[in-house]
Amino acid sequence: MTGMSLLPSPSIQLARSLPVGIDDLKDMSAFDLFQSQLESNSTEAEIDAMKRLAVVAITMGKDDAQATLIPYLTQIGTAQPLPSDELLLILGQELPAVAKF
């Protein structure tokens, strides 16, 4: 058995919705990609990013996640106008996994 990811593969449409070139994606950190997806104004990209929140936190490491990711999530959760209900629901579902980390 190969090491297959349990996460869904991103779609071509999703990749096209990001404000970066394909060549730039390979050089982006997990947090930069996460941030880019959430700021893309694409509902599909935002939801995809939030579903991968635990992976982003693990990739960043505890110190970077606490210093960078948590303040960013706080900013998102308190932004005006508020993010979509679906995005906030997924954030609420993913936060316990991040908190354990």
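I took a nonpolar core to be a set of buried Ala, Val, Leu, Ile, Met, Phe, Trp, Tyr and Cys residues joined through side-chain atoms within 4.5 Å, where buried means under 20% relative accessible area with a 1.4 Å probe and protein chains only. The model is predicted, so local features need pLDDT of at least 70 and side-chain atom pairs count only at pLDDT 80 or more, while totals for chains, interfaces and linings use all residues. Residues are numbered from 1 along each chain as its sequence is written, and side-chain values use heavy atoms, without hydrogens and water.

Core. I looked up the largest nonpolar core, which has 19 residues, and found that F34, L38, M50, L53, L69, Y72 and L73 touch the most other members. Helix 6 gives the most to this core, with 5 residues; helices here are DSSP runs of H or I, at least four residues, numbered from the N terminus.

L69. Leaving aside neighbours within four places in sequence, I found L69 in contact (heavy atoms within 4.5 Å) with F31, F34, L53, V56, A57, M60 and D64.

Helices 5 and 6. I noted that the axes of helix 5 (residues 53-60) and helix 6 (residues 62-78), lines fitted to C-alpha atoms over the stretch in contact, come within 7 Å and cross at roughly 140°.

Helices 3 and 5. I saw these axes come within 9 Å and cross at roughly 150°, which makes helix 3 roughly antiparallel to helix 5. In this pair A30, F31 and F34 of helix 3 meet L53, V56, T59 and M60 of helix 5.

Conventions. Axes fitted to C-alpha atoms, helices over the stretch in contact; angles between N-to-C directions. Helix = DSSP H or I, 4+ residues; strand = E, 2+ residues; numbered from the N terminus. Buried < 20%, exposed > 50% of the residue type's maximum accessible area, 1.4 Å probe, protein only. Parallel < 35°, antiparallel > 145°, perpendicular 65-115°, else oblique.
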